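The following paragraphs are intended for a reader who meets this structure for the first time. Please keep the sequence and the model in view while reading.

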Amino acid sequence: MRQLIEDLLLLARSDEDAMELRRDDVDADDLLLAEASRLRAIGSVHTVTHIEACRTVGDRAALARVVRNLVDNAVRHAASTVTMACRPEADHAVITIADDGPGIPAQDRARVFERFVRLDPARTRSSGGSGLGLSIVEQIVRSHHGTVAVGDAAHGGAVFTLTLPLAQQDSAGTDFQAGSLRSR
């Protein structure tokens, strides 16, 4: 019940553009590597990674929650494999999290980001959450000036694709964000 209330408060703050997010350098690749390590330790699915260095600016805890929510959903629906990837593309970090499960029908893909939506009628709040996870993912990603979409994974299943702005750099490889200078 406490988690449900916290999730609803987070969404309410998002509705009012009042989310309090930090603005720090976040290595998106490190977030994915941590989740891959967690999954390998659990051993419930085969974990595949294709991860390149990608640095963005934002709230590390909020972005870690996004990745954890998507990975947990992928594990829940995977037949056997979860694939995580991260690569820089133009001025964005592109993060994908895929499973080899049943996928999400095209007509339901926009709806999965709505509040309280659970496509599996067999899942209840006690066995599978409140239906707020993907709505929270979308709000956090949007607050980081990014996007999230769902499509068909290459080998069946669903793939969630996040795009987040890369941290800006000068030609010497020094990060500039929000008037501060951070050297690598």
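Predicted model: local features only at pLDDT ≥ 70, side-chain atom pairs only at ≥ 80, totals over all residues.

As a general matter, nonpolar side chains in soluble globular proteins tend to be buried together.

Which elements each supply at least two residues of the lining of the largest cavity? They are α2, α3 and β7, and the largest share of that lining, three residues, belongs to α3. The lining as a whole is made up of A28, L31, T56, L63, V66, V67, I95, L162 and L164. Sorted by class, eight of these residues are nonpolar, one is polar and none is charged. The space in this cavity amounts to about 40 Å³, and a search of the whole structure finds one cavity of 30 Å³ or more.

A disulfide is a covalent bond between the sulfur atoms of two cysteines. The search of the whole structure finds zero disulfides. For C54, the nearest cysteine sulfur is that of C86, at 3.2 Å, and C54 is in no disulfide. C86 likewise is in no disulfide, the nearest cysteine sulfur being that of C54, 3.2 Å away. The reason lies in the cut-off, because a pair of cysteine sulfur atoms must be within 2.5 Å to count as a disulfide. Are these cysteines buried or exposed? C54 is buried, with a relative accessible area of 2%, and C86 is also buried, at 1% relative accessibility.

The discussion now turns to the strands β6 and β7. Strand β6 (residues 147–152) pairs with strand β7 (residues 158–165) in the antiparallel sense, over six bridges. Within this pairing, A149 stands opposite T161 of β7. The two strands form a hairpin with five residues between them, and in the turn G156 has a positive phi of about 90 degrees.

G156 also takes part in another feature, the lining of the second largest pocket. The volume of this pocket is about 210 Å³. Its lining consists of T81, T83, A85, T96, A98, D99, D100, A153, A154, H155, G156 and V159. The elements that give two or more residues to it are β4 (81–89) and β5 (92–99). By class, the lining has five nonpolar, five polar and two charged residues.

Beyond β5, G101 lies in the loop between β5 and α4 (125–128). G101 counts as buried, at 16% relative accessibility. In sequence G101 and A158 are 57 residues apart, whereas their C-alpha atoms are 7.0 Å apart in space.

Most residues other than glycine have a negative phi, and most peptide bonds are trans. A90, which is not a glycine, has a positive phi of about 55 degrees. A90 is found in the loop between β4 and β5, and it is exposed, with a relative accessible area of 77%.

H145 is a further residue other than glycine with a positive phi, near 60 degrees. H145 follows α5 and belongs to the loop between α5 and β6. In α5 itself, L134, S135, I136, V137, Q139, I140 and V141 are buried, whereas H145 is exposed, with a relative accessible area of 62%.

Key: Residues numbered from 1 in each chain as written. Heavy atoms only, no water. Pairing = 2+ DSSP bridges. Helix = DSSP H or I, 4+ residues; strand = E, 2+ residues; numbered from the N terminus. 1 Å grid on protein atoms, 1.4 Å probe; cavity = no way out; pocket = protein on both sides within 12 Å on 5 of 7 lines; lining within 4 Å. Points joined across faces, edges and corners; volume = space filled by probe spheres on them. Nonpolar A, V, L, I, M, F, W, Y, C, P; charged D, E, K, R; others polar. Buried < 20%, exposed > 50% of the residue type's maximum accessible area, 1.4 Å probe, protein only.
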